[in-house]
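Try each task before you read its solution.

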Amino acid sequence: MARSRANGCRGDGRLAYGTGVDPIAPPFPRDLGVVGAGRVGLALAALAEHAGIDVQVAASREPERIRAQVHAAAPGAHAATVEQVARSQVVVLALPLGKVRTLDAAMFNGVLVVDATNYWWELDGHLPQFEDLATSSSEQVQLLLPGARVVKSLNHLSAYALEELARPRGVADRLAVAVAGDHEADLRAVSALVDRLGFDPIAAGPLAEGMRFEPQTELFGADADAQEAREILDRFWDSQRGRVVGRARSREG
Ligand SMILES: NC(=O)c1ccc[n+]([C@@H]2O[C@H](COP(=O)([O-])OP(=O)(O)OC[C@H]3O[C@@H](n4cnc5c(N)ncnc54)[C@H](OP(=O)(O)O)[C@@H]3O)[C@@H](O)[C@H]2O)c1
């Protein structure tokens, strides 16, 4: 199902806006910070730029050392420091999960943070707090960034799907992206962002429910539309992974 992003764009290269979902006015967000200039960070930067959002991208390296790759992926986006990126209206975490603990948490106080990370022990090393199935990885991120308002989203599609399969609202084969968070206003805000980037946002409940679209779940890596994604999320607790998580939670509870 190779689909060109150009199919979903207006003539000027920006995703067309549909109608029907309450927009957060004025168009939200006006700017986006991305921590991580790898596959997913640059894919999201490109999508946001196409959607008319001002984008800043940071990595662990100095901005000069990522400027060329940021420019190649999203010519209007800016390479920046993490501190500069953290001043954006919304910040997406697109760095290895094991590196979140290296961030200066104070920079994210009061910031709406979208956690697009996943725990891969092969890459991150064994990190016990992320192997505790009683909590979702995003709840652990929230503990690492206690002053931030963390919402889990944009983690379960591949970078390829993010790069190639964004579509305007209303297009039949538009993919869904789950959104989980503890505050209604933040869920609405991140849903508006997801919609603007070219995907149907699916409300998945509080941050603990981010578990339902982590690695090893049916939705993870699946190119599902809104109805399919809803059904997959709804049957999570009957899945093998859901039963394992349920047992872990009942032991802790
Ligand atoms: N790849 C996918 O298909 C995909 C899809 C959805 C979600 N995700 C998740 O997104 C996260 C990133 O994946 P990726 O594939 O994009 O990784 P990647 O290509 O390896 O890129 C990681 C980026 O994070 C930056 N980084 C590392 N430590 C940092 C720090 N302390 N502060 C700021 N930036 C730092 C790196 O910058 P330096 O090189 O300067 O260190 C690099 O730009 C992972 O948790 C992954 O599970 C990946």
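**Exercise 1.** Find the residues that surround the ligand in this predicted model, and work out which helix gives the most to the shell.

*Solution.* Start with the count: 25 residues surround the ligand. The closest are Gly-38, Ala-59, Thr-117, Asn-118 and Ala-159. Finally, look at the helices: helix 1, residues 39-50, gives the most to the shell, with 3 residues.

**Exercise 2.** Decide how the buried and exposed residues are arranged on helix 2 (residues 63-73).

*Solution.* First pick out the buried residues of helix 2, which are Ile-66, Val-70 and Ala-73. Seen down the helix axis, these buried residues fall within an arc of 55°, so they line one face of helix 2. Now turn to the face away from the buried side, where the exposed residues Glu-64, Ala-68 and Ala-72 sit. Last, ask what the buried residues of helix 2 pack against: helix 1, strand 2 (54-58) and strand 3 (78-79).

**Exercise 3.** Which residues touch the most other members of the largest nonpolar core?

*Solution.* The core has 78 residues, and Leu-44, Ala-45, Val-57 and Ala-178 touch the most other members. Helix 1 gives the most to this core, with 8 residues. Then follow Ala-45: leaving aside neighbours within four places in sequence, Ala-45 is in contact with Val-34, Val-55, Val-57, Val-70, Ala-73, Ala-74 and Ala-77. Two of these contacts, Val-70 and Ala-73, are buried residues of helix 2.

How values were computed:
Residues are numbered from 1 along each chain as its sequence is written. This is a predicted model: local features need pLDDT of at least 70, side-chain atom pairs count only at pLDDT 80 or more; totals for chains, interfaces and linings use all residues. A residue is near a molecule or strand if its C-beta atom, placed from the backbone, lies within 6 Å of it. Helices (H or I, at least four residues) and strands (E, at least two) are DSSP runs, numbered from the N terminus. A residue is buried if 20 or more other C-beta atoms lie within 10 Å of its own, exposed if 12 or fewer, and partly exposed in between; C-beta atoms are placed from the backbone. The arc is that of the directions from the helix axis to the C-beta atoms. Two residues are in contact if their C-beta atoms, placed from the backbone, lie within 7 Å. A nonpolar core is a set of buried Ala, Val, Leu, Ile, Met, Phe, Trp, Tyr and Cys residues joined through C-beta atoms within 7 Å.
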